[in-house]
Each structure stands twice: as structure tokens, then as C-alpha cells.
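Please keep the sequence and the structure in view while reading.

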Amino acid sequence: MTLPTKASAIIIGGGVSGASVAYHLAKLGWTDVILLERKQLTSGTTWHAAGLIAQLRATANMTRLAKYSQELYGRLEEETGIATGLRRCGSMTVALNEERHEEILRGASMARVFGVEIEEISPSEVKDRYPYLNIDDVAGAVWLPKDGQGDPSNITHALARGARKNGVGIFENTKVSAIHTSDGHITGVTAEKDGEITRIDCEHVVNCAGMWGRDVGHMAGAAVPLHACEHFYIVTEGIPDLPQLPVLRVPDECAYYKEDAGKILLGAFEPNAKPWGMDGIPEDFCFDQLPEDFDHFEPILEKAVNRFPLLAETGIHTFFNGPESFTPDDRYFLGETPEVRNFWVACGYNSVGIQSSGGAGMALAQWMHDGEPPFDLWDVDIRRMQPFQVNRSYLYDRSTEALGLLYADHFPYRQMETARNIRRSPLHEHLKTRGAVFGEVAGWERPNWFARDGQTPAYEYSWKRQNWFDNARAEHMAVREAAGLFDMTSFGKIRVEGRDAMAFLQHVCGNQMDVPVGRIVYTQMLNERGGIESDLTVTRLSETAYILIVPAATTRRDMAWLRRHLDPLLHVTITDMTAAESVLCLMGPNSRNILNACSPNDFSNDHHPFGTMREIEIGMGLARAHRVTYVGELGWEIYASTDQAAHVFEAIEEAGKSHGLALAGLHTLDSCRIEKAFRHFGHDITDEDHVLEAGLGFAVKPDKGNFVGRDAVLAKKETGLERRLVQFRLNDPEPLLFHNEPILRNGEFVSYLSSGNYGHALGAAIGLGYVPCAGETAKDVLASSYEIEIAGVRVGAEASLRPLYDPAAERVKV
């Protein structure tokens, strides 16, 4: 079959992901799609996948995609005539200690509100379902009856046949050697088949290249940071009279078990993995296996023989070692790259590709078709990655940890241990010597909490109060009663300037941008559905220049959104200035006194009211002082050039000694903001959360004229709210909230928490979550009784539509 010279979309990679994207694009009516596979379908990593198909994932939308995958695979045989091998044999996850038991019980609560059938079971019930298992040290387990397993190769071939039936051209033994772009847009590829080189023009390219994904991204000029690791499993000889068994996961031993045709497959996600392919993947790689390494696998096998004693009497039929690709944060990649328009990715599945690809292919095809994602996909959005993360030394180091994260304890606040200290504030060493314990976001090292003298500056993880809980309480109360100083250098800082800057920002922001110089505006950038694409402040620096302050995690996303909406005829320049300035947030009732002690400027309400910026002298340096807050107290964000940051820090620290100033970390920032019910992007507000239902209507000005999302705002005003974001305080001061805990209204599950933390000033855990309210008033919503379910236990909660802390915002504007 001859390669065409033109297509609407070209999919690179013939594994399960590429076949799924092709299938779903065809279902949407795309008739000139082609898939190019360098060797044969499934010949990279798909063919040797274990084929486990679970439904429950870490968030509601990831669960939604996994459930869709299973449903799709269940109907493909009827449509295509190819059996997918789907068998809903159920799955069990077994806990061997109380911390893991707490984790799986919290997961069970989450599953119920996500619509996944699940049951907590006792050790004896584990034995009933898995008679061969040693349960001496089993603390408990969960049973998911609709989980199962499938045949990865047949699933892929079924998707491919379905795609072909709907007009997709699939070309094997076809290597893409170049990807072409013009003005930041995809224009085509060059491919080689049977010795002939063909230029194929196209509008879209989809990178489904699996462990080749980084190299394919490089051809397009886009960062796709993933790395292959060796993944091991064994298959036993046949076991006489072995019944059909559920999939079994024992994460405390890094192991999973799958019964198939009278044999047992034992696989592992060990904590210290073996990266592979640092020097590139061999050109002729096709259905290849990697060399055996029994020494590496032996510790897993020893534990497995104790757990499943029958293995000691059973021979090993196959010892398998094959490569799979892993990403720096153990979440796969989906979406359009920020560097190149219409260059899409669906790869880096971290060993959950079979259960994920059906849903991921559907979501990406819909995204390409509509020009926007069908629902919030920030968990896996490629825009979360940073350019430096394609560095091969970084990927090698991080991938040693990434493989094991699938079965690691998923403690709250758990931090990565490898490939750290890449992006550091100028204040990093100052803070380190003062006890800072750092966390990582977007590669930035940020102080999460500060250890006391004599305390080990390191996390001790738990689902209960961790070792830093009292430290955070002290920091929190210092902010509430005196002052706290936060290093927020990681803030994204985007400068928008030019004679048309104001008109451009009026178009992309919901709030009024035509404001005096020095004014700070809290706003959102909305999509056409009224969903929130970005949550930010915009400060007018001059008649023609603004500075946008965005979260560290979303800076690349926000830059891409701005550039996507910039009319090339406008005179506007958009520049990422993040590394140019450090930010010190001085917050608390004593913050004005501290600034008065190190600056000659006037910080009174008359001269520096809330929501304004002033250029100031501080110590012997210069800075900008933005009077805003994310903690709900009087305070200023101090922006200093990076060369003066250390000096400004020292000046504030010295001035604060007599005013109760404490250094504070990101855990305290979060606990303070949730007491004030301030929204957190990515949790409380996303691109599928309507700005009015999020309670942010005050930051949207439809009367200013047209802007992106205005029609959706006006429509929602007419039709009314379908849900409201509600703040909750537990009646019991002991339990902790994190996120995804179910909300019960009058005894019925209605939703789940979008975020949670402990409110030290309010004396209990605080959560935010959306509550359905179609046809109801605010009074109706609050008239109900509420409970939050935590690891299967229901705890009564107070509900409020106003901030429980300082509802009138008097402390902010004092």
C-alpha cells in the first residue's frame, strides 16, 4: 500500500494508544487519518503488557477514563470480530499494615462516590476468594468485582480493525524520520517505507510512540520527558486444578498476581528500578525481550513464595524482562504540546497503558475534534511538564523511582526523592540553614515546613498527623497572630506588554483590565463553557505593560493559553519573567509594622490600599510591593530582582525579630487559604468548573464587553446554578482531610471534597467541595445535614457558603 501525500491527522505509533486514538478519530468522522508504525502493531511494549484492567484511579476523571476503557473493550468483539480477552474476574488489593489499610479504605470511600463497585473485606474473606494465599499478616483488603484482565495484543488489533473499517489507513514498517512545522504549527512529516521516502502534509500529528515518545517529541521541537525502564514478571508452569482467580495486588510487597490459563503471572513494581535505553533504543527493536536479571527480581520472588506458598512447588515457565516507559511524576501524557500547535501526545503510560488507553484515546480524539478537552484532564496534561525534564540524566535518575511509585505508599504530601534541586530560589540555602524542608512543584524546590532546632528536617509519612503537624500549627498561628514570611519565588510571572496589551487582556480575562496603573486585579481566564483555565492576579505596571502572577504548576499552561488567543495583528509581547524576580510574601497583622521598620515608604491604607502595587525602597534595595493575600490576613507580596533577593530577605528577617515574624512553608499557606475558602486551581477550580458555580462571580464583569466565556456566564445567570462550592468544617477535631473524601447530604452520597487541610485557627479539618443544587436557593443548600466519609467512617460537618474565617474580610483590609 502506497503512502498518501496528504492527511488530516498522522498518528505515530501502533501500540494500544495509537490504535485507540485512530479508532476514536474515525468514530468522530475523521476520514483521512493515517497511523504509521515503525515495525509491526504492538511490537514495542504493548505486546508484553500484563493486561490488568482496573477501574479505580486517583481522581474522578482518571477513574472515568479507566471505566470507559473497560466498557469499550467489552463491546469491541461484537463490533470487530476480534476477541479482546476481557474477563471481569475481579481484583483484590491486600494491605499488610495499618497505614496501607488506611490508604485502601480511603480509596474505597472515594470509589463509592466515583461510581466504582467496591467492598471492604476481612482477611478471612481474602482467603475465601484466594485460597492459596498466606494471610497471617494481612490487615485487610478491598474487593472490586468488575475489575479484570484482557489480551493487550488482541485489544490493539480490535481497535485497529475498527479504525480501518471507518477509513483509517494503517501502515506498518513505516518509519517517521522528520516532523515539519511552520510558525509554530504542524505542517507534515517525512516517512520511509520500503526504501521510499515520502513527505506527507497534514494538520495534526499525534505522538503515540511509547518509549520512543521523547525522540518523536524532539523531532517536533516539543518536550516529552519519558524514559524506559526494565519491567519484570515470571509465568509459572501449569498448576493442576488451579481455579479462576481474581487479579491480586500486594503493594506492600511490590507484587501483582494474575491467573491465566492455569498458570500464575507474578509481576513487580520494585522501588529501585533499572532504567534502560540511555544510549537510544536499537533500530531493529521489534517484539524484543531484555536480558534476564534474576538477582534483581529475587527479593520479589522470595516474598511471593511466602505469600503464595504454592509457588515453591511450581516451576517457572517464563522469566520475562521488557521495557516500558515512565514519566517524571508517574502520570501519563495527553493533549497538545505548549511548544507546537496541533502536535498532540498520548504516551508515557507508566505500566497502566492497557487500562488507560481506551479512555485516553477517546478523550484526546474529542479534544482534537472540539478544540478543547471534553472534561478536566489536568492530571495528565502535557503542559504540566517543564522543558528541562527532557534532560537524559534527569530522566535516568527519576525513572529509578518512578516505576515503583505505582505500588508505593501514596501518603499525603509524599515528595519525590530523586532528581531534585534543579530549580532553586536565590534564598534556598538561607532557608535550608533555617530548617526548611523542601517539596517540589514544577521542578522548583519550595519550603513546605520548617524544622525546629534539634528536629530532623525530613518527612515521616503517615495518614495520621505527620511529624511536621505541630510545626505547621505554629507557623499557621504566627501568620494569624503576628506575621509569617513565605518564599514564593516559584510564582509564574508573565509580562504582557505593547500598545494593545490592555485590549488583549480584556479579551482573555473575565474581570476589568482597564484600570489605573498600580491596580491589582484578581481574575480568571475562562473557556467558552465558562470553565476556569487560569486563576491569577494581573497588575498594571504602566499604560502598556502588565504582570500576570500565576501558580508555578500552571505557568507553561498559562503561557500556551495566552499565545493561543493572541491575534497576530495585535501589538503585544508575552514574556515568561519567572526567573527574573524572587517573591517574598509577608503576611499577618504585624506585616505593616515590619515593613515600616525596613522601608521608608508609607504602607497605610490611605497611601497603599488593598489591591494596589507600589514601588518601594526596602533595606538598601528596590522592590515592588503588591498588597494582596492568599492567607486571609493583612500582607504584601514583595517582588525583588533575583540579585537583590537575599538582601531583601535579610532586611525583612531583621525587621521582624521584634514583631513575632516566623518563617512559614507551603503547608501553612494551604491551611490558611482553606480557612478563608480561597480556591486552589487544579483542585477546587478547573476548566470544567463554571466560574459562577465556583463562587467567583465577583471577579467577572460581563458589562465590560465581549471576552472569552462571556456568553457562558450570561447563560448560567439565566438558567441558574446546578451546584455550589461549599466549605465544610468537621465537628470532630481529630480526623484529617486531604481531597476526594465523599460528601453526604442528608445521608446520601452527593459529591466529594475537591481539597482539604487542617484549619488550625478554626480547630478542625476544613474541606471544599461542590454540592448539587439545581433549583435550590443558598438557604436550601445550608438547611441540610452534612457528613464527610473518611476511610469508611462518617463524620458530621458544618457547611458554609461564606468563609468560616473572617467572613467579612476585615483582617485583610485593616
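In this predicted model, His507 touches His565, Asn706, Phe707 and Val708 when residues up to four places away in sequence are not counted. His507 has its place in helix α12, which covers residues 501-508, and with a relative accessible area of 32% it is partly exposed, since that class lies between the 20% limit for buried and the 50% limit for exposed residues. The C-alpha atom of His507 is separated by 9.4 Å from that of Leu566, although the two residues are 59 apart along the chain.

**Helix α5**

- Helix α5 runs over residues 152-165, and its 14 residues should span 20 Å at 1.5 Å a residue, which agrees with the 20 Å that separates its end C-alpha atoms.
- At the N-terminal end, α5 is capped by Asp151, of which a side-chain oxygen lies 3.1 Å from the backbone nitrogen of Ser153.
- After α5 comes Gly167, whose phi is positive, near 100 degrees.
- The buried residues of α5 include Pro152, Ser153, Ile155, Thr156 and Ala158, and Leu159, Ala160, Gly162 and Ala163 are likewise buried.
- An α-helix has 3.6 residues a turn, so residues three or four places apart point the same way.
- The cover over the buried residues of α5 includes the helices α1 (16-27), α2 (60-80) and α8 (353-370), together with the strands β3 (52-53) and β8 (169-171).

**The sheet of β9, β10 and β11**

- Three strands, in the order β9-β10-β11, make up an open sheet in which the pairing is antiparallel.
- The edges are held by β9 (174-182) and β11 (196-201), and because each has a single partner strand, one side of each is left without a neighbour in the sheet.
- On average, neighbouring strands of this sheet are turned by 20 degrees against each other, with direction ignored.

**Strand β35 and its partners**

- Strand β35 (residues 723-730) runs antiparallel to strand β38 (residues 764-772), to which seven bridges join it, and the bridge partner of Arg724 in β38 is Val771.
- Strand β35 is also joined by four bridges to β40 (residues 793-800), again running antiparallel, and here Phe728 has Ala799 as its bridge partner in β40.

**The chain as a whole**

- The protein chain has 18 helices and 40 strands.
- Its radius of gyration of 27 Å is close to the 28 Å that the globule rule gives for 814 residues, so the protein chain is as compact as a globular protein of that length.
- The C-alpha trace of the protein chain spans about 85 × 65 × 55 Å along its principal axes, and buried residues make up 61% of the 814 residues.
- Of the contacts in the protein chain between residues at least 6 apart in sequence, 72% join residues that are at least 24 apart.

Methods. Residues numbered from 1 in each chain as written. Predicted model: local features only at pLDDT ≥ 70, side-chain atom pairs only at ≥ 80, totals over all residues. Heavy atoms only, no water. Pairing = 2+ DSSP bridges. Helix = DSSP H or I, 4+ residues; strand = E, 2+ residues; numbered from the N terminus. Axes fitted to C-alpha atoms, helices over the stretch in contact; angles between N-to-C directions. Expected span 1.5 Å × (residues − 1). Buried < 20%, exposed > 50% of the residue type's maximum accessible area, 1.4 Å probe, protein only. Contact = heavy atoms within 4.5 Å. Polar contact = N/O pair within 3.5 Å; in protein donor to acceptor, adjacent residues only side chain to side chain. Rg over C-alpha atoms; globule rule 2.2 N^0.38 Å.
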